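Dear colleague,

I am handing over the structure that we spoke about, and below it I have written down what was found in it. Please keep the structure open beside the text while you read.

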Amino acid sequence: MRRRRGVLLTTALLAQLAAGPSHAAPADPGWEQEGQCGVVRSGEVPLGGAEVTLYQAGRGGGGRPRVLARARSGADGRFALDYRRPRDPRAVLYVLADVGGPAGGGRSAVVRGEPDGAGGTGGPVVLAAVLSGAEAPPELVVNERTTVATAYALARFTGPAGVSGPSPGLPNAAAVAHNLADTGTGGVAPLLAAPPNGALTSTLAEFNTLANLLAACVDSPDGEACGRLLDLARRPGHERPRDTLRAAVDIAHDPGHNAAALFALADTAVRYRPALPAAPDAWTVALRYDGNGHELDGPGNLAFDAQGNAWVSNNYRYGPDPTVPVCGGDTVLRFTPTGRDAPGAPYRGGGLYGAGFGVTVDPRGSAWVANFGFQGRGCPVDPAPLERSVAQFAPDGTPLSPPGGWRGAGIRQPQGMAADRSGTVWVANCGTDSVARIPDGDAARAREIATPALHKPFGAAVDPAGRLWVTGNGSDSVQVLAPDGALERTVTGAGLRRPLAVATDSRGNAWVSNSGILPVPCGDTTAEDLAAALAGEDGPRPGASVTMIGPDGSTPAEPFTDGGLFLPWGVAVDGDDTVWVANFGGHRIARLCGADPAACPPGVRTGEPISPPGTGYTSDALERNTGVQIDPSGNVWLANNWRTVAVPANPGGHELVVLVGAAAPVAAPLLGGG
C-alpha cells in the first residue's frame with residue numbers, strides 16, 4: 001500500500017517523487033511504501049539547497065544507520081521524501097538536513113560524499129528532526145529547535161557513525177524529543193510550553209537560547225561564528241565536532257563546559273524567544289512532568305520497569321493547597337517514558353498508604369512499594385495500623401498484595417527497598433531497626449533480619465554480587481548483608497553522617513549520601529523535626545558529602561564534598577559509573593566522577609565533580625529532591641518531594657523532573673529474572 005502524508009505538492013516536488021530517492025531501501029516485504037513532505041528553515045527563513053536524508057537508526061550497540069531516502073530542498077526550503085517505512089514499531093527514523101555553507105574557521109565547504117548518520121560531509125550547518133515517537137506531521141519542519149531536541153534526546157545514542165542503540169532506550173528517547181520541539185510547526189512542544197513548564201521555569205528560555213546558539217552558525221556568512229561554536233562545544237578529551245548537530249550533542253554530554261562563552265555566542269543571534277537573559281551555570285534541559293496534574297503529592301522515589309516506565313511512590317493524597325490537611329497517599333504512580341500516565345495509572349489497593357522512599361521493580365516486573373505511613377499535619381487518620389506493610393503490583397497495575405498489604409518480618413515504617421537478580425526483595429525497616437528479606441518475592445517466606453549496628457535503616461541497594469547495602473540514618477553507619485541475609489560487615493566513620501540513600505556501581509562499590517543534618521521521620525522523629533533541621537537554610541550544610549565504600553569495606557581518607565552537594569539525599573549511578581546526587585535543598589544536582597576516571601573528563605579523578613564545582617547543575621525546575629534514578633534512555637529523573645516552605649498540612653511537591661539526555665543509560669531490568 002502506498003500512502004502520502006502532506007497537502008498540496010508543488011510540481012517540482014512531484015517530479016522529485018517520480019524520480020525517486022537516490023538511496024532508498026530496496027523492496028522488502030517488511031517495509032511499507034510511505035511519503036513525507038517537509039521544510040528546512042531557520043526561524044521563518046527557508047533554507048534552499050539543503051541535502052535532506054532520512055535514516056533508520058541502527059539497532060543494538062553496533063548497528064549502523066540505514067539511508068531510506070534523500071532529497072534536496074527547493075528555494076522555498078521544501079522537500080519530499082519517498083521511502084519504505086519499516087514495519088517494526090521500534091524502528092527509529094530521523095532526518096538530517098545538510099545545509100552546507102562555509103565550514104568553521106572560514107574554509108570553504110568540502111565536496112559532499114556519502115553522508116553518515118550523524119551529520120553531513122559538507123559545511124558545518126546540519127539540522128535534524130526526529131520522525132519517530134509521535135504521529136508524523138503533514139509537513140515536517142527541520143530547524144534549530146528540532147535540532148536541539150534531537151541532539152539532547154538522542155545524545156546518548158549518537159556516535160561517529162550516527163544514531164544507534166537498543167530498545168527500549170532508543171525508541172523511548174526518540175519519543176522524548178517531541179516533548180521539546182513540535183516537528184509539525186518547528187515551535188516549542190506543548191509540554192514544554194505550558195505548566196508545569198512554560199513560564200514557571202527557565203527551561204523554555206534555555207531551550208530557545210540553545211536554538212539561538214545554532215542559529216548563530218546558520219547566520220555566519222564567513223564561518224567565524226560556526227568555528228567559535230565548534231571550538232566551544234568540543235568536550236575535553238574528544239574531537240572537535242564538525243557541525244551544529246554534533247556540537248549540540250557534545251553540549252548535552254558536558255553541559256557545564258564553556259557555559260558562559262556559549263551563552264555570549266547565542267546572544268548574537270536571538271531568533272527564538274523567550275531567551276535567557278544571562279548565562280546558566282550549565283546547559284542541562286530540565287523538563288517537569290506532573291501526569292494528569294492532580295496526582296503527584298510528595299513523590300519520594302522511583303524505579304524503572306523493563307519498558308522504561310517509571311513507578312513512583314507518593315507521600316500524600318493530592319491537594320493543591322499546602323494549608324489544607326491531607327492524609328497518606330493511597331496510589332502508586334506509573335509514568336510512561338514521556339511523562340504521561342501509563343494505562344490505568346495511578347493504581348490503588350494492596351495496602352498502599354503514605355509511601356516514602358521505598359519503591360522497586362523486581363526482575364519479573366512486579367512493583368513493590370513501602371507503606372511508610374506519611375500524612376500531613378491535621379489528618380485525622382491513625383497511621384499506626386497502616387505503616388506496617390509493603391504493597392505489590394503486577395506489571396499492569398493489578399494489586400497482588402491483600403488490602404492490608406504484606407505484613408510481618410518486622411516491617412514497620414518501611415523506607416528503602418531493593419530487588420536482586422533472583423527476585424529477592426529487601427526492605428529497610430526504619431521503625432524496627434531491622435531488614436526484611438522476601439526470597440523470590442514470596443511474601444509467605446519473608447523473615448526479619450536484625451541489624452543491631454543500624455539505627456533507623458533507610459537506604460537500600462543491591463550490588464552485582466547480590467549483597468545488600470543498608471544505611472543507618474540514626475547510627476551514622478552502613479551494613480552489608482550477604483545474599484542469604486548473613487551480616488558481612490559494618491562500616492562507620494569515613495564521613496558517614498546522617499546517611500540517607502545508597503547506590504552501587506558495576507564494580508561493587510557503594511556510594512552513600514550524607515545529609516549531615518537530616519533526621520529521617522521514623523520512630524521517635526517526626527516531620528516537624530525534619531523541618532526544624534532545615535531552618536535557616538542558606539547554604540550547604542556541615543557534613544554534606546558522599547562516601548565511597550569499596551566491596552571490601554574500605555573507604556577513601558575523606559568523603560567527597562564538592563560538585564554542588566548541598567543537602568544530599570538520593571544517589572544514582574549511571575551506565576558509565578558516574579555518580580548523580582539529588583539535594584533536598586539548593587535547587588541543584590551534583591554529578592561526580594565514579595570509580596573509573598577513564599569515563600570522566602581528562603584530569604578529573606574519582607569523587608571529583610563533573611558538574612560545576614560549588615553549584616552543581618542548578619535549575620529552578622528542581623525543588624527539595626529526594627529520589628534520583630537513570631532510565632534506559634540516559635535521562636536523569638528526580639522527585640520534587642517537598643515544597644520550599646515550612647512543614648504545613650501538606651508539604652508535598654507536585655512534579656517529577658527529567659534532565660534530558662544527561663547521563664549514560666542504565667539497562668532496564670530483565671523480565672523473568674537472570
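Two rings of Phe, Tyr or Trp, the last taken by its six-membered ring, count as an aromatic pair if their centres lie within 6.5 Å. In this model, which is a predicted one, there are 12 such aromatic pairs. A pair of aromatic rings is described by the distance of the centres and the angle of the planes. For Y55 and Y94 the ring centres are 5.3 Å apart and the planes stand at 20 degrees, so this pair is stacked, given that planes under 30 degrees apart count as stacked. Elsewhere, ring pairs link F357, F458, W569, F584 and W642 into a cluster.

Next come the nonpolar cores. The largest nonpolar core has 97 residues, and V40 and Y152 are the ones with the most contacts inside it. The element that gives the most to this core is helix α5 (residues 203-219), which contributes 11 residues. If you select V40 and leave aside its neighbours within four places in sequence, you will find it in contact with V45, P46, L47, A50, V52, S73, G77, F79, A97, V99, L127 and V142. Apart from this core lies another one, of 34 residues, and among its members are F372, A503, V546 and A595.

A disulfide is a covalent bond between the sulfur atoms of two cysteines. The structure holds 4 of them, and if the bonded cysteines of the chain are numbered in sequence order, the pairing reads 1-2, 3-4, 5-6, 7-8.

- C217 is joined to C226, with an S to S distance of 1.9 Å. The torsion about this S-S bond is about 105 degrees, so the disulfide is right-handed. C217 has a relative accessibility of 1% and so counts as buried, and C226, at 1%, counts as buried too.
- C327 is joined to C379, with an S to S distance of 2.0 Å, and with 105 degrees about the S-S bond this link is right-handed. C327 sits in the loop between β14 (310-314) and β15 (331-335), while C379 sits in the loop between β18 (367-371) and β19 (389-393), so the pair ties together parts that are 52 residues apart in sequence. C327 counts as buried at 13% relative accessibility, and C379 is buried with a relative accessible area of 11%.
- C430 is joined to C522, with an S to S distance of 1.9 Å, and with -55 degrees about the S-S bond this link is left-handed. C430 lies in the loop between β21 (425-429) and β22 (434-438) and C522 in the loop between β29 (510-514) and α9 (527-533), so the pair ties together parts that are 92 residues apart in sequence. Both C430 and C522 are buried.

Now to one of the sheets. Strands of a sheet pair through backbone hydrogen bonds, either parallel or antiparallel. An open sheet of 4 strands runs in the order β24-β25-β26-β27, and its pairing is antiparallel. At its edges stand β24 (457-462) and β27 (487-492), each with a single partner strand, so one side of each is left without a neighbour in the sheet. Neighbouring strands of this sheet are turned by 20 degrees against each other on average, direction ignored. Within the sheet, β25 (residues 468-472) and β26 (residues 477-481) pair over 5 bridges, and L468 has L481 of β26 as its bridge partner.

Finally, some details of the backbone. Most residues other than glycine have a negative phi, and most peptide bonds are trans. A cis peptide bond joins P195 and P196, with an omega of about 10 degrees, and P196 is found in the loop between α4 (190-193) and α5. Another cis peptide bond joins R273 and P274, with an omega of about 0 degrees. Q413, although not a glycine, has a positive phi of about 45 degrees, and it is buried, with a relative accessible area of 10%. H587 is not a glycine either and has a positive phi of about 50 degrees, but at 35% relative accessibility H587 counts as partly exposed.

With best wishes

Terms used: Residues are numbered from 1 along each chain as its sequence is written. This is a predicted model: local features need pLDDT of at least 70, side-chain atom pairs count only at pLDDT 80 or more; totals for chains, interfaces and linings use all residues. Side-chain values use heavy atoms; hydrogens and water are left out. Two strands pair if DSSP finds at least two bridges between them. Helices (H or I, at least four residues) and strands (E, at least two) are DSSP runs, numbered from the N terminus. Axes are lines fitted to C-alpha atoms, for helices over the stretch in contact, and angles run from 0 to 180 degrees between N-to-C directions. A nonpolar core is a set of buried Ala, Val, Leu, Ile, Met, Phe, Trp, Tyr and Cys residues joined through side-chain atoms within 4.5 Å. Buried means under 20% relative accessible area, exposed over 50%, partly exposed in between (1.4 Å probe, protein chains only). Contact means heavy atoms within 4.5 Å. A disulfide is a pair of cysteine sulfur atoms within 2.5 Å. Rings of Phe, Tyr and Trp (its six-membered ring) pair if their centres lie within 6.5 Å; planes under 30 degrees apart count as stacked, over 60 as edge-to-face and the rest as tilted.
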